[in-house]
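My entries follow the display.

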Amino acid sequence: MRDITLVRLIPESDHVDTVASWTFAEWGHLHPGSTADSYREAFRRECGEGGVPSVFVAMHGNRPVGTAALLAEDMDSRPDLTPWLASVFVLPEWRGQGIAARLIRRVEEEAVDSGFSQFYLYTPDQQGLYRRLGWQDLEELNYRGEAVTIMWRQLEA
């Protein structure tokens with residue numbers, strides 16, 4: 001897989017701004033009132049040292065090429081569901097190589113290591129990917145103007 005390594009992103013990392021800019025470009029519209037700066041600062045707080053929250057980055061050498069996170073909350077209308085797989089993103093030129101699946105599995109490991117037996121995600125358009133990785137549909141709804149599917153996965157220790 002072209003020498004891809006997965007690393008935990010820490011708040012002091014040189015890559016925080018880059019990765020935050022990816023996620024803001026992809027999902028910033030779901031956070032009305034946020035700016036690139038406010039989003040970056042919130043993202044920096046998600047870069048925990050372990051457990052919830054945690055952000056992982058797929059690296060090719062010293063270049064980030066993808067990311068995924070484990071968060072306590074990702075959908076404010078469903079505070080009853082926790083934790084969440086969030087912000088799964090791979091640069092377009094790196095897609096189709098299994099990087100997203102590796103990142104998802106890494107977040108799943110972090111959730112298990114943190115004592116969780118199930119967790120959640122929502123997606124407007126990647127249901128097929130998640131189903132192939134063992135995720136199941138929970139519900140379909142409109143979230144902040146976007147049709148999404150909430151999915152869940154039972155985790156094994």
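**Strand pairing**

I looked up Asn-142 and found that Asn-142 stands opposite Ala-147 in strand 7. I note that the model is predicted, with local features needing pLDDT of at least 70 and side-chain atom pairs counting only at pLDDT 80 or more, while totals for chains, interfaces and linings use all residues. I number residues from 1 along each chain as its sequence is written, and side-chain values use heavy atoms, with hydrogens and water left out.

I found strand 6 (residues 136-143) joined to strand 7 by seven bridges, the two running antiparallel; strands (E, at least two residues) and helices (H or I, at least four) are DSSP runs numbered from the N terminus, and two strands pair if DSSP finds at least two bridges between them. Strand 6 and strand 7 form a hairpin with two residues between them. In that turn, Arg-144 has a positive phi of about 50 degrees.

I then traced strand 5 (residues 118-123), which pairs with strand 7 (residues 146-154) in the antiparallel sense over six bridges. Here Tyr-122 stands opposite Ile-150 in strand 7.

**Annotated domain**

I read in the unreviewed UniProt entry the annotation "domain: N-acetyltransferase", covering residues 5-156; such annotations may be inferred rather than shown by experiment, and the positions are given in the numbering used here, with feature names shortened. Over residues 5-156, I recorded 29% helix and 33% strand, with the end C-alpha atoms 24 Å apart.
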